[in-house]
Each structure stands twice: as structure tokens, then as C-alpha cells.
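Visitor: I am new to this protein and would like to learn how to read it. Could you walk me through it, one feature at a time?

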Amino acid sequence: MQEEIEKLRNGSSYRGDIRPFVRPSRAAIEELATELRQNPSENVRTEIVKILLNVGIETSPHRSLRDPWILSALFYDAGLVRDTACLLAFEKLALFGAPDALVHFGPTIAALLEEAPEPSLLLIVAKAKAMEAMPSLQKLSDDPSWNAREEFRIALAALGDEAEEEFFTKPFASTQDPKEKTELATRLGRIGTSSAMKILASEMRSPLVQVVPNSYEQSVRTEFAKALHFRHPECTFLEHIETDADYERIERFCELEYGVVWTRPRPAFLTMRSLAG
């Protein structure tokens, strides 16, 4: 709230976004959590999870899941039964969970992984940097149905396994294929270690452009910014690139946050451009 007031004091105009001024009702969330715990209907549970996800995202200034009561309901109450509701909760927590909020649920995440592994749980382990899950990961390392999965390798890399991190960072740094580089950027964003993020950030002046003939061309930098945003959901400017000044701001962020020193000039401005017609 104070941040929003400060913006007004500095001359910014109110743009109609109510999210900074709205907080979920704890009483309402608890009612939904109780229904999640007690109702055996998978359909009802799934609909409640959808409500919790929507409320959590839409009332967050950064469109991330960070409210502690909503996170508790999604982990503890949705996680009681491994049904569609539970898997939906895990999937969206992996995508939208705020890292600085998930970190407080490390023991819970570890217990859920020990109980029954899920690919999305492994990505939550990575995002939360849940070191409490390391014993479960060590058990899975002997299981061929899990130890070759990308999510498993991302989780290990996120918890400090340098060899697993290099499995992603080395090809990212060396490839000049735009499609491969953007896909690997997403993996680095999910790993989220300082070293992986610095390697990602250092490529924010990449001149590579992904071209789909007769359709569009897109700078890889837009996807790199999204991967950075995955680790920094509070930095909403990483998702909105409309002018070269936006790229300049992102570069400044990379300099300050990760110590990047540029070795080449910024490419000509491009986000995505249609090639149709």
C-alpha cells in the first residue's frame, strides 16, 4: 500500500488497478479450505482450487501466488488427496508461486514429495529452493522412472548440484539456435540459482531471432525476459516490452542484480513482428 501511495506522491497517475489495495479475506479462505478438506467430490474440490488460484493471482499486485492463507490451503488442503484438484494446485503453484513466499513452505513441500512424487512438485522444490526435499531427491536418484526426468534434474540443479546445472547452462551459452536457446532459457529460469540467472541475464543482448516463415519473427530477448520474470515476479517490467527503453531498463536490472557487463551493443529493437501477407 505504501509503495502505491509513494507512486502517487511522485506524480504517477492511478491507472485503475485495484490489486494493490485488495487483500483476500482470511475468513473466506478458511471456509474454502474447510470445504477442500471435507468434501469428497473431486469436481467440487477442483472448482474450489480454481477459486483460490484466481483470488490469489488477481489480488496480487504482481499476479503471483503469495498470500500465506491461500498457499496453506493449496498445499495442506488441496494436497490431502492426489486428485485433479491437487494436481491443478501443484501445477499452478509451480508456475505462479512467488519464490519468496514458497520458501516458507519448505518442510511441507518436502513431505508432499516424500509422500508421492509429481513433476510439478519437483518444479516447486526448485522454485522454493526447498533443501528439506533433498533426502527425497536422493531416493529418486536411484529410480529410473524419475532420475532422467527434466523436472528432477532442474530440482537438483536448483538445490546446488553444479553438474546438473551445467547440463542446462552449457548448451544455453553455446547454442546459436534461437528455438533451442529460448527453451533452455525457460529451464534456467526454473532453476533460478544466482549462477544460472547470471548466465541467462548475460544474454539479454543476444541478436538471435526466431523466424517462423510466413508467420512471424521474434527476438529471443523477449523470452529471456520472461525467464527472468519467473524468478522475479515482482519485476513486472520484465513482462512488458514495448520500446527500446524497456530493453534498456531490463539490461540495467541485469547489471544491478547479476553484475552483467555487456560485451556487445544492444540489437535493433524487436519484440515480435508479423511476416504474414
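Guide: Gladly! Let us start with a term: a residue is called buried under 20% relative accessible area, exposed over 50%, and partly exposed in between. Please keep in mind that this is a predicted model.

Visitor: Is asparagine 214 buried or exposed?

Guide: Its relative accessibility is 69%, so asparagine 214 counts as exposed. You will find asparagine 214 in the loop between β1 and β2.

Visitor: What should I look for in the backbone there?

Guide: Here is the general idea: most residues other than glycine have a negative phi. Asparagine 214 is not a glycine, yet its phi is positive, about 65°.

Visitor: Where does arginine 63 lie, and what is its phi?

Guide: Arginine 63 sits in the loop between α3 (42-58) and α4 (68-77). Its phi is near 55°, again a positive value in a residue other than glycine. With 40% relative accessibility, arginine 63 counts as partly exposed.

Visitor: Back to the strands, please. In which sense do β1 and β2 pair?

Guide: To read a pairing, look at the direction of the two strands and at the bridges between them. Strand β1 (residues 209-212) and strand β2 (residues 216-219) pair in the antiparallel sense, over 4 bridges. Valine 212, for example, has tyrosine 216 in β2 as its bridge partner. The two strands form a hairpin with 3 residues between them.

Visitor: Over how many bridges do β2 and β3 pair?

Guide: Over 3 bridges: β2 and strand β3 (residues 272-274) also pair in the antiparallel sense. There, glutamine 218 stands opposite methionine 272 of β3.

Visitor: Now the whole protein. How many helices and strands does it have?

Guide: It has 15 helices and 3 strands. The radius of gyration is 20 Å, close to the 19 Å that the globule rule gives for 277 residues, so the protein is as compact as a globular protein of that length. Its C-alpha trace spans about 60 × 55 × 40 Å along the principal axes.

Visitor: What share of the residues is buried?

Guide: Buried residues account for 48% of the 277.

Technical notes. Residues numbered from 1 in each chain as written. Predicted model: local features only at pLDDT ≥ 70, side-chain atom pairs only at ≥ 80, totals over all residues. Heavy atoms only, no water. Rg over C-alpha atoms; globule rule 2.2 N^0.38 Å. Buried < 20%, exposed > 50% of the residue type's maximum accessible area, 1.4 Å probe, protein only. Pairing = 2+ DSSP bridges.
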